[in-house]
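Subject: Structure handover

Hello,

Here is the structure I promised you. Please open it beside this email and follow along.

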Amino acid sequence: MTATQAIRTVAQGEHPPLQRSAEERRSRTRQRRTFWLLAAPAILGLFGSFVAPLLYMVRMAFNRGSSDGVIEETFTLDTFARAVEDPYYWKVTLDTFLMGLTVAVLCVIVAYPIALFLMRSQSRFKSVLIALAIAPLLTSAVVRTYGWMVILGGGGLINGTLIDLGLITIPLQLANNFTGVIIGLTEIFMPYAILAMMSGFGKLDPRLEEAAGSLGANRIRTFLKVTLPLSLPGALAAGLLVFVLAISTFVTPRLLGGGAVRVLATEIYDQATGLINWPFAAALSILLLLLFGAMIAGYQALVRKLGIDR
Amino acid sequence: MTAVKLTLDRLTKQYRAGLAPAVDRLDMEVEEGHLVALLGPSGCGKTTTLRMVAGLMDPTAGRIVVDGRDITATPVHERGMGMVFQSYALFPHMDVAANVAFGLQMRRVAKSKQTELVRNALDMVKLGHLASRHPKELSGGQQQRVALARALVVEPTLLLLDEPLSNLDAKLRETMRTEIRSIQRRTGATTLFVTHDQDEALDMADRIAVMNGGLIEQFGTPADIYERPRTRFVADFIGRANLFEASVAAASGTGSKGETVYRIDVPGIGTSEAIGEAGLEGSQRTVLVRPHRVQVELGAQPGGLTGTIENVSYTGDALGYSIRLGDVLLQVERHTADGTIPARGEQATVRWAAEDAYVLPEEVRAP
């Protein structure tokens with residue numbers, strides 16, 4: 001139907017037909033085809049590199065493994081039963097969760113003032129400061145972990161200094177335990193936390209703080225009443241990101257933990273490469289995935305409860 | 001005589017050494033209950049001045065005195081100013097009632113009293129029914145009213161408005177103008193109002209401070225500013241203006257408001273009359289004639305200045321002419337009812353009553 005026809009139909013008091021014209025339908029089909037063509041590489045890539053291995057992993061968890069590395073193709077819940085029944089894995093899971101939570105909380109606390117400062121800075125060197133804050137990302141986590149081993153170790157920088165100063169005689173146990181891993185992870189994930197918060201702080205208009213000030217709020221009350229509530233979504237998102245990164249990281253717990261720190265990631269590694277028990281490693285991986293899911297659900301419930309998704 | 005509420009004493013702000021000051025030794029006195037507009041082009045220092053009064057910015061030098069008390073060093077949260085920001089700056093995480101209650105909460109007003117005051121303030125801006133909405137759910141005009149209620153509910157020492165109407169559409173701006181003015185009159189809040197819109201300033205203000213380059217060019221009533229500008233900048237910035245240089249000849253009488261009537265000689269054009277302050281005889285001065293005060297007749301007529309019509313613009317209500325008189329292109333505006341529309345290139349004679357031309361007291365600045 002041409003435009004003139006349409007006008008005439010309306011003018012005559014008839015309703016134009018609700019059906020789409022053939023031409024319109026053809027153009028819609030064409031649009032849809034373009035969409036799938038453009039999305040195809042990404043979908044294929046994602047399927048091949050992520051979805052398929054994940055499905056394979058899920059299937060693997062239902063096989064039966066043994067300590068001699070033989071994988072029996074079957075369909076059993078043995079692996080899950082073992083993970084659930086053995087209190088050791090409950091402890092590992094709990095430790096993983098607590099480590100992730102501690103690192104996330106510490107990281108947010110340490111990175112928050114930095115992110116706020118970088119957001120607010122009027123300095124000419126602002127971009128340089130931001131680059132400096134995220135520069136550690138240029139070095140691999142492995143190298144930085146070794147750095148922390150040097151700093152935190154028994155004869156390391158901190159203990160050496162404290163002993164030289166005569167403050168302590170026996171070195172503090174800073175490495176090869178959870179303390180070391182948490183210190184290391186907090187520093188390693190700080191740049192992520194800073195970046196996540198800076199993007200999350202977008203709505204934080206300095207005018208709002210000025211308005212609070214003009215209405216009689218001093219700096220502390222302005223922070224508590226205005227800055228903090230408005231920056232909370234960014235801080236929470238950063239916390240979630242760090243938590244997810246922390247519970248899935250393997251290198252730092254392994255190296256800085258010195259074998260004493262047992263979390264899901266190190267456990268999965270040991271099962272998969274040391275004991276070649278792939279089915280059990282797969283089951284533990286699913287456990288880790290569930291932990292992710294629980295955390296994300298918890299995060300969303302929290303966001304909704306605080307009403308900050310508005 | 002009314003009391004002086006706010007005094008600015010040589011108030012200066014220089015953002016960086018070596019840079020021209022944004023506000024330069026500003027002196028101003030604001031009377032209790034007045035609405036004063038700080039008017040000027042962007043970068044003239046009007047917002048800087050307001051922010052210094054609010055306490056959001058430290059002056060480089062000078063003093064701010066409110067009710068006889070020097071508050072230059074008082075931090076923002078102890079000044080008790082009510083500020084309305086250009087972007088309104090409503091707290092997005094609080095509903096309308098909580099936004100308005102914020103200042104009362106900071107002053108530790110009792111809860112029940114808070115509720116009552118908030119209700120009154122919202123009723124005043126006709127938003128009582130939207131108390132539980134969030135700022136995001138309000139229109140621009142409504143947000144503006146909330147911001148106004150939030151600033152007024154604490155009975156501020158001064159109400160400070162930073163371009164409060166610039167984010168509204170033209171029609172709403174007119175309504176809000178009247179409304180802000182009537183609320184201001186009712187509450188009697190002494191108000192400083194920053195704007196770059198001369199209509200707004202003329203319409204709303206008791207006094208206007210025209211600012212330019214960090215200085216106050218003129219401080220006076222809207223009529224003063226419009227009719228008796230002191231400088232070429234003010235004459236040009238406020239309303240439409242014909243400005244040309246003339247030699248002021250002998251005084252020839254006294255105007256109705258006591259000004260001196262001078263004969264003026266416009267080089268290459270002819271002589272006419274204008275009024276001005278006493279003692280300007282024999283000087284070179286700029287003369288201001290508003291376009292709608294010029295009378296125009298077609299053809300060369302005796303007793304006026306004759307020129308050629310270069311352009312005619314018809315806008316329905318009015319006819320605008322551009323008439324070439326020597327080096328001067330005179331803008332003239334007449335009601336369409338005055339007669340037929342002349343053609344370009346025709347001759348026309350212009351004249352004005354002595355009272356309609358004003359000799360600026362400012363000396364002609366060397367170009």
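Which residues do ring pairs link into a cluster? They are Phe62(A), Phe75(A) and Phe80(A).

Some ground rules come next. This is a predicted model, in which local features need pLDDT of at least 70 and side-chain atom pairs count only at pLDDT 80 or more, while totals for chains, interfaces and linings use all residues. Residues are numbered from 1 along each chain as its sequence is written, chains are lettered from A and ligands numbered from 1 in the order in which they are written, and side-chain values use heavy atoms, with hydrogens and water left out.

**Aromatic pairs**

A search of the whole structure gives 13 aromatic pairs over all chains. Rings of Phe, Tyr and Trp (its six-membered ring) pair if their centres lie within 6.5 Å; planes under 30 degrees apart are stacked, over 60 edge-to-face, and the rest tilted.

Take Phe62(A) and Phe75(A). Their ring centres are 4.8 Å apart and their planes are at 5 degrees, so this pair is stacked. The two residues are 13 apart in the chain. Phe62(A) sits in the loop between α2 (22–61) and β1 (64–65). Phe75(A) sits in the loop between β2 (71–72) and α3 (78–85). Helices (H or I, at least four residues) and strands (E, at least two) are DSSP runs, numbered from the N terminus.

Phe75(A) is exposed, at 60%. The cut-offs are under 20% for buried and over 50% for exposed, with partly exposed in between (1.4 Å probe, protein chains only).

Now chain B. The rings of Phe91(B) and Phe102(B) have centres 4.7 Å apart and planes at 50 degrees, so this pair is tilted. Phe91(B) lies in the loop between β6 (82–84) and α2 (96–106), and Phe102(B) lies in helix α2. Phe91(B) is buried, at 0%. Phe102(B) is buried too, at 0%.

**Charges over rings**

The charged end of Arg150(B) sits over the ring of Phe91(B), 4.7 Å from its centre. In chain A, the charged end of Arg82(A) sits over the ring of Phe280(A), at 3.8 Å. The test is NZ of Lys or CZ of Arg within 6 Å of the ring centre and within 35 degrees of the ring normal.

**One more residue**

Thr252(A) is in helix α11 (residues 251–257). Thr252(A) is buried, at 1%.

Best wishes
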